[in-house]
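Here is a short tour of a few helices and chain contacts. Please keep the sequence and the 3D view open as you read.

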Amino acid sequence: MNLWVILSVNSITFGGLLFLLSVGFALIFGLMRIPNLTHGSLFMLGAYFGVTLIAWGFNFWAAALVAGLGVALFGAIVERFILRRLVGAEMAQVLVTLGLAFMIADTCLMLWGGDPISVSTPPHAVGFTRVASVAFPTYRLVIIVIATAIAAALWAMIERTRLGARIRAAVDDPAMARVCGIRVSSLFTLVFALGAGLAGFAGVIGGPILSVYPGLDQDMLPLALVVVILGGTGRLMGSLVGSFVVAVLYNFGQALFPELAYVVLFLPMLIILVVRPQGLFGRAVL
Amino acid sequence: MKRIAIAVALLILATVPLWIGNSFYINIAAQVLIYAIFALSLNILAGYAGLVTLGHAGLFGVAAYTAGLLITSGHGQLVVALGSCAMTIAIAGVFAVLALRGTGLGFVMITVALGEICWGLAFRWISVTNGDNGVTINVRPHPFGFSLESAEAFYWATFAVFLLTIGSMAVFVASPFGAALRGTRDQPRRMTALGYNVWLTRFLAFLFSGFWSAVAGLLYLYYNQFISPEAVSLSSSAEALLMVIAGGSGTLLGPVIGAGLVVIMKDVASAYISRWNFVLGAIFVLIVVFMPDGLVPGSMRAWRWLNSRRVRTPVAATATPAIEVADDGA
Amino acid sequence: MTALEVRGLNKSFGGLRVTGGVNLIVEPGERRLIIGQNGAGKTTLFNLITGELSIDAGQVLLFGSNITRAPTRRRAHMGLARTYQIITLFPGETLLRNVTLSLLGLSPLRWNPLARLDRQQHLVDKALAALSRVGLQHLADRPVAQTSYGERRRVEIAMALAQEPKVLLLDEPFAGLSVEERGDVLRLIGSIPRDVTIVMIEHDMDVALEFAERITLLHFGQVVVEGSRAEVVEHPRTKEIYLGA
């Protein structure tokens, strides 16, 4: 019984973390139709930034925010100077993000070395919290709260602000949006930066649980892919649901079918892709 | 002129062990050829069929692991070769049936999922694949009684296989089926209206590609005497794609050059330039942005452009982009 | 037996009906012209006939055979050929290779991974013959990228004719051509023998009327006027649609 509870809690917290990782990917894919293969590296980059910032004396939360902003800025530069040159050539954009992933991963290796770096849990969130007679690590509960807060904020932004309306319009019909005066190219840069920033932020948040190590990018990217495929590209609600589904598959899969853990993870993705390939890759609406 | 250049190049390749004394470098050369074969097999899909796949290392891995397991359970080299090829072709067929349900990006995503499943099995199905520890063998094949234990001997055997591969590719490219495949890349809808069965053409191309991936995987296993999940990972698939695109997809020479570039960067240049992954990624980005056809057509165009500066005739750029995505023609 | 027959053809995209209850009977050897405003559903009709677009209801018959369920590629083998409004040649290939690919589509050779395509003399000869029919044999080795628009149009037609179709669908073959080029193409189409039935979509009335024996006028996906050239030209509905009412 206890195993199930632990697995469930871990799934929920991991789901929260996956949401933070994947929502950026989903936004980018939804708006720009690029599966951003750099996403795992951006997560890792943010995590490493966070490590350095913390070492310089920043508190954990400030480090997470600043790291997120740093990665967002990096994302904006990448979009503006590289991806924008390849507008329309979707496959080229995918391949460029692949090349960039190599570059970022190697740079991280060079700057931070090959040893895994652990990140301490922020001081106020150490220890355990009792919820319904079970003790959960407090930090993991905090992650759930953060993920929910961010989900709500994003939802509000997309559904309730003019900016969000512009994004939705551009997702629906970029050409028409341009005709209406919406600066779609700037939106692309903004959304890419936002997605990147969220990934970077998530990297720091995930630090205490995953630590930071070379190869983190390759571990996280496929998970983001599965989340977005399962949850639907560009759909906020879908990313939320997808994240939790993937977290459950991942945790329960590892525990119950250790030898087929990754099959359990990728098979649903495969099934959806095969059964509804057009539906997921047609026009995605936020 | 072209014939002479090719003949000279082949001659140089054939005699590598004679003018490179160091067995370390001979091994590198063998590696280049092995990866060239793999890149050529990937080129069938990514270059000639217009089907970019990021799961090909899965097929490579199926071959290597099947061979490794057959060897460690005591089978002879013929069974090993036939068994791993058959298994890989079968899995390639499964890949094809599933992946061809998608088009363009959907196709890529499906291949990613398939590749990851293969990797996940290699990594976690410990009772069969030994997980991260991989499968080690301690034999090399002895075709027709020749021992391939030495670096030179292995190199020559690899070179012979490479010749077969290139020859097979050349025949394929010049054949009606090869032309049909390229047609499905460029105008799939038109091809259907002309009477072609686009799906079946692509499916068969997958099998053909799978066969040569199996050959590469088998050689890889014999060369390293070891196979681990790393070789089946997404980044291995990405590296192979990089070889094809950097060199020039849709050409015969491109993947070979690309393979050479990547292997030499990895194993040789890494002694001098410590950040080979970065350089590789950077080269990739630069090529995709500035020379999307890849190095081979790009250099040929640059060469012609340089020549045309002296003679005032316009140069036609007829190279098609490396990254032609085939859409649904059926 | 009719050459091409369409019965009660219906096609909708969501709430938009693009083809509504279209009936068409084309006799062997006929020269049929399909006209209508932009968006009237002319190309859609072609796509439904070739099977490139799936029909919601209705039937398509080719020389009496019901091809409604047949996949597009099979219809090609049964003698149906078409050209496209937007030129869809194979870029990066020569004109000869383009026509050869067309011939190959109907040949069992298309599955052969061992022979040399360039050495298939019978295919090469037929391709050259097809090119000379459209007056382009001197450009056989020219890459598509180095040809003019008018030449590419003619290659499209050569590709269709090379397959020796029984029914040929021409989708706006005169679009984008200069006056002189139109004359060439009109003569070319005029020289096609009567064992090929031709259905043409065209916008440019001057050339199209010279070609047409019978005309079908489509309006919002439905047939509103049909008859001989004289009848249709004089029909009040035609004048209404084309001159505005």
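G57(A), which comes just after helix 2 of chain A, takes a positive phi of about 110°. Helices here are DSSP runs of H or I with at least four residues, and strands are E runs of at least two, numbered from the N terminus. This is a predicted model, in which local features need pLDDT of at least 70, side-chain atom pairs count only at pLDDT 80 or more, and totals for chains, interfaces and linings use all residues. Residues are numbered from 1 along each chain as its sequence is written, while chains are lettered from A and ligands numbered from 1 in the order in which they are written.

Helix 2 of chain A itself (residues 39-55) has 17 residues and reaches 25 Å from its first C-alpha to its last. That is close to the expected 24 Å, where the expected span is 1.5 Å times one less than the number of residues. Of its 17 residues, 15 are buried, so helix 2 of chain A is largely enclosed by the rest of the structure. Buried means 20 or more other C-beta atoms within 10 Å of the residue's own, exposed 12 or fewer, and partly exposed in between, with C-beta atoms placed from the backbone.

L236(A) lies in helix 10 (residues 236-256) of chain A. L236(A) is buried because 21 other C-beta atoms are within 10 Å. Its C-alpha is separated by 7.2 Å from that of W155(A), 81 residues apart along the chain.

Now to chain B. Helix 5 (residues 77-99) and helix 6 (residues 105-124) of chain B pack at about 140°, with axes 9 Å apart. Helix 5 of chain B and helix 6 of chain B are therefore oblique to each other, the class for angles that are not under 35 degrees (roughly parallel), over 145 (roughly antiparallel) or 65 to 115 (roughly perpendicular). From helix 5 of chain B, F95(B), L98(B) and A99(B) meet F107(B), I110(B), T111(B) and L114(B) in helix 6 of chain B.

Lastly, the chain contacts. Two residues are in contact if their C-beta atoms, placed from the backbone, lie within 7 Å.

| Chains | Residues in contact |
|---|---|
| A and B | 38 residues from chain A, 39 residues from chain B |
| B and C | 24 residues of chain B, 29 residues of chain C |

Helix 9 of chain B supplies the largest share of the side of chain B that touches chain C, 7 residues.

How values were computed: Axes are lines fitted to C-alpha atoms, for helices over the stretch in contact, and angles run from 0 to 180 degrees between N-to-C directions.
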